[in-house]
Amino acid sequence: MIRLLKIEWLKIKNYTAFIIVSVFFVIGVVAVNYIIFVVNNNMISQSQAVILTGKFSPFQFDKTWQTTSYAAGWLLLLPALMLIILITNEFTFRTHRQNIIDGWSRLQFIHVKIVMALLVAVFSAILVFFTALAFGFSSGTPFSTHGITHVGFFFLKALSYNMIALLIGVLIRRTGFAIGVFFIYMGVENFISQLLDVWSVRLRKHNNLDLGSMGDYLPMNSADGMLTFPSNPLKLMAKGVLPTDYPWLVLSLCIVYLLVFYWATVNRMLKTDL
Amino acid sequence: MSVLSIENIHKDYGPVQALKGVSFDVPKGSVFGILGPNGSGKTTMLAIIMDILKPTSGTYKLLGEVPSEMHRRQIGTFLETPNFYHYLSAERNLHIAAAIKGRGVDDIPKVLEMVNLTHRKKSRFSTFSLGMKQRLAIASSLLGNPSVLILDEPTNGLDPAGIAEIRTLIKKLNLEGTTIIMASHLLDEVEKVCTHVAILKKGELVATGGVHEILANEDVVEIGAADMAALHLLVQQFSGYNSMKLEGSLIQLFYPIGTIDLEGINRHFFNEGIVLNHLQLKRKSLESKFMELTN
């Protein structure tokens, strides 16, 4: 696999779009947290409500892991889009055929892409870890690993986005169209998720049936559902402050969806004409 | 030993049958042409061999074994279009191909020189003309000095000088022992370069064998006489022609080009007591032979 990854690196190391998106992502993760840090320090913590309810610092240790993971989660579209571009480039340039003609198996071709998706998720999580650490120390609170599982949830979210991106890439094959489908899918899933959430509330209220936030049982939302902004006294973002009802169920679903994406992506590459 | 052995390959696209039970063997050391008009299934056949397309049914063997990616690494293939990363230079693209093959990195300067692209090795693939892209694809297929080359329409998009260079290169590589499998719709190309040929027509194998047997480029003499039985007997004792065929009420004699002596033929049969009532020279062009086979 190392040999395959080295070849994959040869393909992308001089690709301008890859370099630009990577730089934007790294800067974006730091910047979005810095904005929250500054806004919190200069506005929220000075507000009357917070003064009344008690000091809230999203970057104090034990909160910084959650805050940074949640905030950086919004930027995971960037690596996902980059992966769509990388896989659809292969189809556009027909290099997927050439790679196989030159001596890769179909499985090797798709496995190295899946490992790339995994590595991008790992690097994203490492970036979040260090960003959380840096802002945590900036808050002046003593170091704690409490809540570090959120970085793990972030990793799963990154991997889910990347795997959805790969699957759409191998199904659609054309860059612009695939990116369009990715966004449409996000929109449609979020819409269905909202409907399911409303239904969940009704079931709870009228039928005394608690099925949790059913919207979080969908593929992308199961990855999103585990990451929430730490409860803050202002409770500005309804969805953001409400953690999912059954985190372990949502976590399990997220892993099941990952396996399904893996199977569907590999199966597509193995069975279809290239 | 057969380098490639194809057995009863079928490929369907819904109701369309692109290949209908094609079987043939490619002998080691040959230049094997797969000849057929556009849409006859040549590229489909090669794509199946390269695991780009899945056959509906049928099997094939590469180098006498059940095919795998390890066999493909030993074969230099240029299939249909030059497929490279547009944003990378010629040299970097060849690095990727060599890395996948697991051999041939040291060959990069040599193969670029062979196809006259050394001066453009640092240029991005996207800046290349069609002919240059084609030549880069041929260079890539030569990496690692493969024992088998598969070339699909290798002279497409090349200028006359480029076409001549590639033909010379193919002949040279074949002399050095490389088996070459080449798909083409250009008769002239196949005739000039190939030792063996398989002719495909609408997904069916029409003929396969030595190129001089299948695409014999001959002159034909048609003869007839009142007593055809006697004429037939005499023809069998007659020499100088390659083959003979009964065509309706006439006999066709096939001669190597330019060797026919009509006067001599006439005199011979007259001296033997047969007066010919029909004596006609027909030139059988390669095109007419091809049309005969594929139409």
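Begin by selecting helix α5 of chain B, residues 130–142, which lies across strands β5 and β6 (148–152) of chain B and runs at about 165 degrees to β5(B). Helices (H or I, at least four residues) and strands (E, at least two) are DSSP runs numbered from the N terminus, while axes are lines fitted to C-alpha atoms, for helices over the stretch in contact, with angles from 0 to 180 degrees between N-to-C directions. The model is a predicted one, in which local features need pLDDT of at least 70 and side-chain atom pairs count only at pLDDT 80 or more, whereas totals for chains, interfaces and linings use all residues. Residues are numbered from 1 along each chain as its sequence is written, and chains are lettered from A, and ligands numbered from 1, in the order in which they are written.

Next, select the sheet of chain B, an open one of six strands in the order β5-β6-β7-β3-β8-β9 with mixed pairing; two strands pair if DSSP finds at least two bridges between them. At its edges are β5 (75–78) and β9 (204–210) of chain B, each pairing on one side only, and the twist from one strand to the next averages 10 degrees.

Now pick β8 of chain B, residues 196–201, which pairs with β9(B) in the antiparallel sense over six bridges, and find V197(B), which stands opposite G209(B) in β9(B).

Finally, show both chains: 20 residues of chain A are in contact with 25 residues of chain B, contact meaning that C-beta atoms, placed from the backbone, lie within 7 Å. On the side of chain A that touches chain B, α6(A) gives the most, with seven residues.

Methods. Two residues are in contact if their C-beta atoms, placed from the backbone, lie within 7 Å.
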